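These are my notebook entries on one structure. I record what I looked up, entry by entry, with the cut-offs beside the terms.

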Amino acid sequence: MLKLTNYALTMALIHRATRVSAVDGVCSNTISSFTGVDCTYANFVANLDVDCNITELFIDDDGAFLAPEAAEAEVAAICEYDAPTQFVEIQGTYRADQRYFAGGGQLVDGDNWDMDTGRIQRFETNMGAKTLIAFPEYAARVQYNENTARGTNGYPANMNLETSCDLNTVMCCFTDGDFGDVTTDVCRHDLHDSPESNHIKEGWSVFPGSETAPHCVGFTWTDGAEELIGNMMYDVSLRNTINKGYREGVPGSPMCGCVEHMPVVEEASCRTATKTNEITYTFNFDIESNDVSASNAVEIEYSDCANADLATQYKANNPSDPEAIGAHLVGADGCADDLEDYLNEEQFLHQGQHSTKYIVPDSSKWSDLVVGEGVHFQPSGINDTLSEIQFRDLINAGCKEADGTTGRSCIIRRVCPSCRSETHRDIYYKRKTALPPMGTNSTAGEVYLLDMFMNKWKSYMNNMADGDFELYSTYADALAGTNAWTHCNYDYNGIGFPRDCGPYGYVGNEWNSYTGYHHGYANHHGFYVELP
């Protein structure tokens, strides 16, 4: 049987049992090894031992040789899930990792330190800086994540790189350990950001006094530079625990997670990992068990980032949107102002009107609320067809251009007091092409438009690059056709308007969703349509 690691994800996984043929016992032990190139089928074949024949290497359950494309798929699965050291192999079980990242388990609450850390100590000594480690994924999470609209992956709670780690930044915060003077202040935590850790659906915590000063440390990366993020995860979490005794998290929050799920703090240290030589991939065949396995060897160096402060490093990595990290790392002495803004604007009533929040559209220029959530709560009608017809009638009412000409589509407006980015607190959608026919039959060109805005922001018949619509941050710009947004993406089922569209580039988590997801910031929003 072809062996994939026991911890390999069930999605690549073992779509069928595959056996390996050993001709006269000659093709065995190390059958392929290569350095400095990616782990791919082509490189596997190019370095295959002369005693092995790729066309006679893999066989199916009936003893027939696999076709080249099937053999290629098997090698690709080994490269992805067996060649890297799986994170779960460090502690040994998914449950141990789950409890640790949440701030508990034997490493935090156990009473025999040597026994509880022995396995990790051995890993650190023998492999900690000598192997490529995969970012945490677990077979036990695959079905759960699919069933709860968290994507097709095995990422653990609070670390889903596919659906809730938009800033490409992970952080751990410890409250027990000898941190010296490298500590920070915790401002607050929205409990609904990490319900799988604290088991609380809604609520919030603030830390305004002299609580224990924690040590927070993390890493950040850019798209396309994910190769070593598993090693970085190990460095800031388990490696800190066994080498420095760091453990226990901020009450109510995970001990480690993507910053979107972590408490708001003032500062965090930044760590990184680099390779000091090229990766060697080695494939071995065990003639006794008919198993093929793969491993890797590489020298890893762990160090502080070029910018020792996590927020500063994030800004250096993301010059197009450097301030996005400010919602999570508020800077030295920043908790006081952050708490004042949070308590006044998010939790308590206040006088006056914020310049970009709690906007009340002028009823002489804008329709009644069409649909909304939170403080703008307005469900769509019981009759979906009637609601769709009424929405389309508003859009097709014939509004005027800035020069007075009539007949254009009326502008759709979303106000969003809970959105973090000011550019997304008031958005204007200006349709440039005719609306597609009403309905759900995409082969006939039909679109259920209201649901598209609510839950299924799609590119079909709705593509900014194709000229179907334009987005603006002000009504004046929408009328004049100036300062239109430049970036838009689509097609993630369950995520509505405007997914990650932004004025200058990607802006995550400012979308609304009425059915599938609840970790976006647009929990309070409403849609209106311009009146002719």
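**Entry 1: Thr220**

I looked up Thr220 and found it buried, because its relative accessible area is 9% and buried means under 20%, exposed over 50% and partly exposed in between, with a 1.4 Å probe and protein chains only. I note that this is a predicted model, in which local features need pLDDT of at least 70, side-chain atom pairs count only at pLDDT 80 or more, and totals for chains, interfaces and linings use all residues. Residues are numbered from 1 along each chain as its sequence is written, and side-chain values use heavy atoms, with hydrogens and water left out.

Thr220 belongs to strand β7 (residues 215–220); helices (H or I, at least four residues) and strands (E, at least two) are DSSP runs numbered from the N terminus. I then asked what the side chain of Thr220 reaches. At 3.1 Å there is the backbone oxygen of Asn168, and the side chain of Thr169 makes a polar contact with that of Thr220 at 2.9 Å. A polar contact is a pair of N or O atoms within 3.5 Å; within protein, one must be able to donate a hydrogen and the other to accept it, and residues adjacent in sequence count only if both atoms are side-chain atoms. Leaving out residues up to four places away in sequence, Thr220 touches Leu167, Asn168, Thr169, Leu310, Gln313, Tyr314 and Asn317, where contact means heavy atoms within 4.5 Å.

**Entry 2: Cys258**

Cys258 counts as buried because its relative accessibility is 0%. Not counting residues up to four places away in sequence, I list Asn158, Met159, Asn160, Leu161, Ser164, Cys165, Thr169 and Val170 as touching Cys258. Ser164 is 94 residues from Cys258 in sequence, yet their C-alpha atoms are 7.6 Å apart.

**Entry 3: strand pairing**

I followed the strands, where two pair if DSSP finds at least two bridges between them. An open sheet of 3 strands runs in the order β6-β5-β9 with antiparallel pairing. β6 (204–206) and β9 (264–265) stand at its edges with a single partner strand each, so one side of each has no neighbour in the sheet. Strand β5 (residues 186–190) is joined to β9 by 2 bridges, and Arg188 has Val264 in β9 as its bridge partner.

Elsewhere, β2 (residues 29–35) and β11 (residues 280–286) pair antiparallel over 6 bridges; Asn29 is partnered by Phe285 of β11. β11 also runs antiparallel to β12 (residues 291–297), with 7 bridges, and Phe283 stands opposite Ala294 in β12. β11 and β12 form a hairpin with 4 residues between them, and Asn290 in the turn has a positive phi of about 60°.

**Entry 4: cavities and pocket**

How many cavities of 30 Å³ or more does a search of the whole structure find? I recorded 3. On a 1 Å grid over the protein atoms alone, a cavity is a set of points where a 1.4 Å probe fits but cannot get out; a pocket is an open set with protein on both sides within 12 Å along at least five of seven lines, and lining residues have an atom within 4 Å of a point. The largest cavity has a volume of about 70 Å³, a volume being the space filled by probe spheres set on the points, which are joined across faces, edges and corners. Of its 13 lining residues, Asp193, Met262, Val264, His328 and Arg420 are closest to the centre. β5 gives the most to this lining, with 3 residues.

The second largest pocket holds about 660 Å³ of space. Its lining has 26 residues, with Cys79, Glu80, Pro84, Leu132 and Glu227 nearest the centre. α2 (68–81) and α9 (229–236) each give two or more residues to that lining, and α2 gives the most, with 4. I found 8 of the 8 residues of α9 buried.

**Entry 5: backbone geometry**

Most residues other than glycine have a negative phi, and most peptide bonds are trans. I noted a cis peptide bond from Phe497 to Pro498, with omega near -15°. Pro498 lies in the loop between α15 (475–480) and β20 (525–529), and Asp491 is also found in the loop between α15 and β20. Asp491 has a positive phi near 65° and is partly exposed at 49% relative accessible area. Glu248 has a positive phi of about 65° and is partly exposed at 34%.
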